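The points go through a sheet, the salt bridges and the pockets in turn.

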Amino acid sequence: MKLNCEVEVVSRHLPALGLRNRGKGVRAVVSLCQQRPQASGDPDSLHPACLFVSTMKDKHGTRYKLKENIEQFFTKFVDEGKATVRLKEPPVDICLSKANASNLKDFLSAMRLAYRGCCINTQLSTPTPVKTSEFEKFKTKMLITTKKDYPVTKSFPHFLEHLQTSYCGLLRVDMRMLCLKNLRKLDLSHNHIKKLPATIGDLIHLQELNLSDNHLESFSVALCQCTLQKSLRSLDLSKNKIKALPIQFCQLQELTDLKLDDNQLIRFPFKIGQLTNLHFLSAARNKLPFLPSEFKMLSLEYLDLFGNTFEPPEALPTIKLQAPLTLLELSARTVLNNRIPYGPHIIPFHLCQDLDTAKTCVCGRFCLNSFIQGTTAMNLHSIAHTVVLVDNMGGTEAPIISYFCSLACYVNSSDMLK
């Protein structure tokens with residue numbers, strides 16, 4: 001019986017000697033083993049089960065007696081693949097981590113039986129050296145940068161946390177990658193991928209996704225509404241063919257780094273201000289004519305909008321006020337201003353889309369189709385600590401749209417349009 005995980009063996013004598021353990025586990029194969037006594041004539045006679053901890057440096061493994069030798073099990077974080085077994089002799093704590101939670105529970109159950117000297121109803125391993133190939137299966141990082149190194153017939157190591165497959169000529173995302181449930185960093189840059197499968201959302205621990213230098217034309221709504229909402233921190237979509245991001249993109253509220261350089265973007269999502277954790281934003285060399293009104297709600301460390309086709313602010317506002325307000329407008333304002341929950345299970349889907357695209361007035365209230373639209377120049381230093389110049393003339397200003405829900409709001413805020 002074997003368990004693949006990271007192991008740290010901590011001696012409890014170290015604190016008494018004024019020493020500390022290094023505090024870092026190593027990849028190991030932990031085995032429950034049993035062997036026959038060499039001099040025994042009974043074919044069914046076996047030694048009590050013992051624990052072997054094998055690493056790349058010590059493939060023969062270190063043997064630990066289990067019968068009546070376990071002082072305590074620590075299993076508070078077993079569902080996270082972590083546990084500690086405290087032995088009496090030698091006085092060490094065997095700390096297990098990064099294990100499959102289900103396999104770890106089975107392994108601990110077998111260890112409890114071995115501690116009591118009971119029969120274990122599982123086939124136990126024989127104490128033989130662990131092969132290097134067994135450790136290869138459980139490596140956590142894999143970098144592939146050429147076609148010839150790409151595993152066409154072999155599967156990816158199941159425990160990968162970081163996978164890079166760049167310059168491999170991929171036309172689509174390899175579905176085998178979507179089975180790597182421990183994946184935290186996925187780099188598919190410099191390929192020919194045109195579309196992303198919605199099942200990328202199955203990678204529930206994914207924190208960094210690099211899709212730069214591909215042929216993507218969109219980023220789907222499904223990807224914005226999957227588990228990436230809670231996990232994704234860094235997203236690189238630079239050097240693609242994306243013209244616009246969906247409104248739902250702003251539901252990826254854990255994003256801290258976003259790269260959109262060298263696309264064909266003509267606008268940012270309306271609700272970009274909802275990305276409250278965003279610190280790094282780069283969208284150089286696109287086709288942005290102006291910034292959305294909620295852009296001023298961002299608080300960034302770094303901002304790069306160089307090389308966009310920003311238009312000068314218009315002298316006259318665009319007036320789309322309705323008098324009287326329609327029933328749709330009144331209802332939409334009531335729902336949004338009072339934060340009434342809505343969804344396709346409550347109201348028709350097209351009305352949900354209308355509410356999702358509502359404008360935010362400078363006064364903080366919402367408007368749907370009745371508003372005044374004005375454009376002003378905003379100094380980007382007001383929202384970012386470090387700003388790359390927007391043009392070759394040394395400018396740090398960009399046009400931003402402002403909405404006004406009524407004539408009164410427009411008059412009261414007229415100074416900002418001057």
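1. How many bridges join β16 to strand β19, and do the two run parallel or antiparallel? In this predicted model, three bridges join β16 to β19, the latter spanning residues 371-379, and the two strands run antiparallel. One of the pairings can be given by residue: Thr-318 has Gln-373 of β19 as its bridge partner.

2. The pair belongs to an open sheet of three strands, in the order β16-β19-β21 and with antiparallel pairing. The edges are taken by β16 (318-320) and β21 (397-404), each of which has a single partner strand, so one side of each is left without a neighbour in the sheet. From one strand to the next, the twist averages 30°.

3. In one, the side chains of Lys-185 and Glu-208 meet with an N to O distance of 3.8 Å. This pair links distant parts of the chain, since Lys-185 is in strand β10 (residues 185-187) and Glu-208 is in strand β11 (residues 208-210), 23 residues apart. Lys-185 counts as partly exposed at 31% relative accessibility, and Glu-208 is also partly exposed, with a relative accessible area of 34%.

4. A further salt bridge is formed by Arg-285 with Asp-262, whose closest N and O atoms are 2.7 Å apart. Arg-285 lies in the loop between β14 (280-282) and β15 (300-304), while Asp-262 lies in the loop between β13 (257-259) and β14, so the pair ties together parts that are 23 residues apart in sequence. Arg-285 has 41% relative accessibility and counts as partly exposed; Asp-262, at 26%, counts as partly exposed too.

5. Are the partners of the salt bridge between Lys-271 and Glu-294 buried or exposed? Their closest N and O atoms are 3.8 Å apart, and both Lys-271 and Glu-294 are buried. Lys-271 sits in the loop between β13 and β14 and Glu-294 in the loop between β14 and β15, a link between distant parts of the chain that are 23 residues apart. Elsewhere, Arg-12, Glu-71, Arg-86 and Asp-93 are linked in a network of salt bridges.

6. Turning to the pockets, the largest pocket holds about 690 Å³ of space. It is lined by 27 residues, and the closest to its centre are Gln-274, Leu-336, Tyr-342, Leu-355 and Asp-356. By class, the lining of the largest pocket has 13 nonpolar, 10 polar and four charged residues.

7. Which residues are the closest to the centre of the second largest pocket? Of the 18 residues that line this pocket, they are Glu-80, Lys-98, Ala-99, Asn-182 and His-205. The space in the second largest pocket is about 440 Å³, and its lining residues divide into four nonpolar, six polar and eight charged.

Conventions
Residues are numbered from 1 along each chain as its sequence is written. This is a predicted model: local features need pLDDT of at least 70, side-chain atom pairs count only at pLDDT 80 or more; totals for chains, interfaces and linings use all residues. Side-chain values use heavy atoms; hydrogens and water are left out. On a 1 Å grid over the protein atoms alone, a cavity is a set of points where a 1.4 Å probe fits but cannot get out, and a pocket is an open set with protein on both sides within 12 Å along at least five of seven lines; lining residues have an atom within 4 Å of a point. Grid points are joined across faces, edges and corners, and a volume is the space filled by probe spheres set on the points. Ala, Val, Leu, Ile, Met, Phe, Trp, Tyr, Cys and Pro count as nonpolar, Asp, Glu, Lys and Arg as charged, and the others, Gly among them, as polar. Two strands pair if DSSP finds at least two bridges between them. Helices (H or I, at least four residues) and strands (E, at least two) are DSSP runs, numbered from the N terminus. Axes are lines fitted to C-alpha atoms, for helices over the stretch in contact, and angles run from 0 to 180 degrees between N-to-C directions. A salt bridge is a side-chain nitrogen of Lys or Arg within 4 Å of a carboxyl oxygen of Asp or Glu. Buried means under 20% relative accessible area, exposed over 50%, partly exposed in between (1.4 Å probe, protein chains only).
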